[in-house]
Amino acid sequence: MRHILSIDGGGVRGLVATIVLDALDGEFKAAGKSCSVSECFDLIAGTSSGSLIAAALALPSADGGQAPTPAQIRQRFEANVGRIFPQKFFTSLPLLGRLPQLFGPLYQPDGLRTVLQEQFGDVVFASARRNLMIPAYSIDPRDTVLFRGGPAYANREDGDRFAMIKVRDAVQGSSAAPTFFPPHMIENPDRSLHWTAIDGGVFLNDPAMAATAEAMRLFPGEDLHVISLGTGRQTRNYPFEKAKNWGFSEWISPTGKFRTPLISAIQDGQTRAVGRQLHYLLGEKYTRFDYRLEKGRGSDKLDDASKKNLRRLTQGALEMVEEMRPTLRTLARNLEPVYGAH
């Protein structure tokens with residue numbers, strides 16, 4: 001059985017995925033296992049903020065030491081999210097707070113770049129200790145890109161293509177959500193390849209299906225179990241009477257009352273479609289962790305790094321963890337370390 005871990009994008013809401021991983025690690029310890037969570041997956045995939053978490057699991061630390069524990073990943077994510085999305089007094093204001101987003105990126109990438117440098121240094125995909133996949137979309141040249149590396153990619157042409165790409169560059173590209181951050185240029189060392197990358201969430205906010213296809217290619221004919229971590233399901237409805245006359249200003253503009261519903265619909269639709277497809281394909285070998293963002297359990301905004309929202313996201317995630325505690329315990333019993341190149 002090959003085990004795949006997939007982590008959705010969601011900006012600040014990536015905190016939800018870190019809480020699930022921390023809870024799973026707690027069940028490992030309760031079951032008397034000394035191995036880490038990351039050691040038990042044959043492939044780890046993550047999009048946008050999920051790529052930051054996936055890379056933390058799959059890579060050695062910036063100084064070449066052990067990868068951080070899930071508890072450390074959670075703590076770092078919560079501590080750094082305000083640096084990535086610095087809270088400005090005017091951004092919470094209706095309409096006026098989002099006006100800058102009409103004319104350029106709302107955030108400069110300096111904070112994100114610094115966090116990634118601190119966490120990953122110059123580690124490249126060839127150094128990944130677990131098989132790692134990070135999606136991004138390139139607007140020049142136009143293409144979907146799955147940055148990949150790890151033991152299974154040794155001596156493979158697709159692995160060689162990305163081997164010397166810095167993982168922090170792939171994470172920054174996968175996290176470059178349009179209107180929030182500028183695109184990120186990614187080049188290999190000899191500059192024979194380049195990508196002008198934007199957020200992988202524009203086509204793979206939930207990378208679980210892509211990760212499944214990749215695992216089928218890496219491990220042909222073997223059984224697969226996919227564990228997919230969501231970051232809170234968006235539940236905001238758009239009534240017909242309100243939406244029937246919408247134009248650009250309501251469907252797309254960040255200054256609209258309903259917060260870019262077209263982008264929300266695209267990401268939510270892709271995630272729901274992936275869930276249905278994997279449920280049909282894998283049945284009980286597909287495990288999804290997610291919850292509805294309602295009743296004070298967190299905002300659906302990508303960039304609400306306020307302490308109030310972090311508390312609400314934490315509360316919602318912990319409630320979900322308790323509801324799915326039996327599933328976590330079963331996973332902890334069944335997951336075993338994967339050794340060697342595979």
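At what angle do helix 1 and helix 3 pack, and how far apart are their axes? Hold that for a moment. This is a predicted model, where local features need pLDDT of at least 70, side-chain atom pairs count only at pLDDT 80 or more, and totals for chains, interfaces and linings use all residues. Residues are numbered from 1 along each chain, and side-chain values use heavy atoms, without hydrogens and water.

Now the pair. Helix 1 (residues 14–30) packs on helix 3 (residues 70–84) at about 160 degrees, axes 8 Å apart. Helices here are DSSP runs, H or I, of at least four residues; strands are E runs of at least two. Axes are fitted to C-alpha atoms over the stretch in contact, and angles run from 0 to 180 degrees between N-to-C directions. So helix 1 is roughly antiparallel to helix 3 (over 145 degrees).

Who touches whom? Contact means heavy atoms within 4.5 Å. On helix 1, the residues are G14, L15, T18, I19, L21, D22 and D25; on helix 3, P70, A71, I73, R74, F77 and E78.

Next, helix 13, residues 325–334. Its buried residues are R325, L328, L331 and A332. Buried is under 20% relative accessible area; exposed is over 50% (1.4 Å probe, protein chains only).

Last, D199, in strand 6. D199 is buried, at 6%. D199 sits 9.1 Å from F181, C-alpha to C-alpha, and 18 residues away in sequence.

Conventions:
Angles under 35 degrees count as roughly parallel, over 145 as roughly antiparallel, 65 to 115 as roughly perpendicular and the rest as oblique.
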